[in-house]
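Here are my notes on this one, as promised. Have the model open while you go through them.

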Amino acid sequence: MQCKLRNLRSDTQDFSQQEYTMSQFKFVSNRSVKNEKGEETGKIKIFVKADSNKAEGDYKCPECLNEGKINQEFSRPFSVICQKCNFKINLPKLKEEMKKEKNAEKKKRQAEIMEQAKKLAEQG
Ligand SMILES: [Zn+2]
């Protein structure tokens, strides 16, 4: 019984640690990607750290099944060129991700407005 309780506690701890780690990133995505025939044979996993604009992660090419690392500048729409067959792997969009992105943009705008207001206040 005691042992069970301890296990439960460590699970909760892991979970909160994961939550904490997630907040260190401004973009995280782990998706299946389709080949030319529309079959989900590949995958793409990327993350962008909150303080950088570099996308890191890995991919599996849906065309030739080559697996490689991603380490490039993050831009939207995001795509990776397979190092083996040059197939362009596009990161599919998700409504949820777009919403998240919008929120992030809103926050950024708010921060900008706050910054401007602060400057104005300093001047006046
Ligand atoms: Zn490929």
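The points below go from the overall fold to the core and then to one strand residue.

1. Bear in mind that this is a predicted model, where local features need pLDDT of at least 70, side-chain atom pairs count only at pLDDT 80 or more, and totals for chains, interfaces and linings use all residues. Residues are numbered from 1 along each chain as its sequence is written.

2. Two helices and six strands make up the secondary structure, taken as DSSP runs (helices: H or I, at least four residues; strands: E, at least two) numbered from the N terminus. Along the sequence they come in the order α-β-β-β-β-β-β-α.

3. Of the 124 residues, 10% are buried (20 or more other C-beta atoms within 10 Å of a residue's own, with C-beta atoms placed from the backbone; 12 or fewer is exposed, and in between is partly exposed).

4. The largest nonpolar core has 11 residues, among them Val33, Phe78, Val80 and Leu91. Such a core is a set of buried Ala, Val, Leu, Ile, Met, Phe, Trp, Tyr and Cys residues joined through C-beta atoms within 7 Å. Strand 2 (40-49) and strand 3 (54-60) are the elements that give it two or more residues.

5. Beyond four places in sequence, Val80 is in contact (C-beta atoms, placed from the backbone, within 7 Å) with Ile44, Tyr59, Ile70 and Ile89.

6. Now look at Asn90, in strand 6 (residues 88-90). Why does it count as exposed? Because Asn90 has 12 other C-beta atoms within 10 Å. Setting aside neighbours within four places, Asn90 is in contact with Pro77 and Ser79. Its C-alpha is 6.5 Å from that of Val80, 10 residues away in sequence.

Methods:
Two residues are in contact if their C-beta atoms, placed from the backbone, lie within 7 Å.
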